[in-house]
Amino acid sequence: APASLRVIAASDVPSVRDVQPPTCTSMLRRAASRGFDASTLPRAAAQATLLQASRGFAAAASEPKDLSAAWASLAAYDSKAAGAFLNGEAAKAKAELGAAGYALAREYVVDHGKSLNFDGTVEVDSFDAANLWLREADGRAILAFRGSDTQKNLANVRSTETCSMYGHRLQAAVAEGEFAPLVALMSAGDFSGCRVLAVTGHSLGGGCASMLAVLMNDKSDPLGFGETVDELY
């Protein structure tokens, strides 16, 4: 990725096809490279010390101290398919974003018909979504893609087929079935007023965010937005 794009993550940069949360192993590997030895500590103490160390690494890397991108990722789980618990957490996340000065500027929604919900027990309406949050005080924007909330989403994520799109080799089911329909709803004008653009997402949403960051920062501008992504979470 270009030097202008800041990738904010607690572990190695996630790939488009394998966006995973940081693991203790990867964090310990990074900690060891900085001279931290957890082998002599009891497990609970090692975990506590590792957590403190990981926070220190984030601060040392000048990473943003607010959690707005994380809130935006969680706020995207406001679909019926996500279930009551996640819906409640999404509502709390939206309140946190509002308290931080963000307002919902754009909603992008694609109807994929019926599918079983995430745990495969109930048939639900399947919608992919992305939300653009804007803080007018400083022009900072966060585009958050929704993660998997149906069996149809999971099937696409697990597919191993690849395809050529936008001049890149991408995971086919996600690129064609999830990413492209959402991006087709976006336009250059949506981002023209953003002084800083961060993109984020959890699970499937993280994969879509990674794709968008790569494509918007591609010098050939395959999406035709004429803008670049500043931060990827």
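Select Cys-163 to start: this residue is buried, with a relative accessible area of 8%. Buried here means under 20% relative accessible area, with exposed over 50% and partly exposed in between (1.4 Å probe, protein chains only). Cys-194 is buried as well, at 14%. A disulfide is counted when a pair of cysteine sulfur atoms lies within 2.5 Å, and by this rule there are zero disulfides.

The model is predicted: local features need pLDDT of at least 70 and side-chain atom pairs count only at pLDDT 80 or more, while totals for chains, interfaces and linings use all residues. Residues are numbered from 1 along each chain as its sequence is written, and side-chain values use heavy atoms, leaving out hydrogens and water.

Next, select Leu-143, Phe-145, Phe-191, Leu-197, Val-199 and Leu-212. These have the most contacts inside the largest nonpolar core, which has 34 residues. Such a core is a set of buried Ala, Val, Leu, Ile, Met, Phe, Trp, Tyr and Cys residues joined through side-chain atoms within 4.5 Å. Elements supplying at least two residues each include β2 (103-116), β3 (123-135), α6 (172-183) and α7 (204-216). Helices (H or I, at least four residues) and strands (E, at least two) are DSSP runs, numbered from the N terminus. α7 gives the most, eight residues.

A second, separate core has nine residues, among them Ala-75, Tyr-102, Ile-142 and Ala-144.

Finish at Thr-200, in strand β7. Thr-200 is buried, with a relative accessible area of 2%. Beyond its neighbours within four places in sequence, Thr-200 is in contact (heavy atoms within 4.5 Å) with residues including Ala-69, Ile-142, Leu-143, Ala-209 and Tyr-233.
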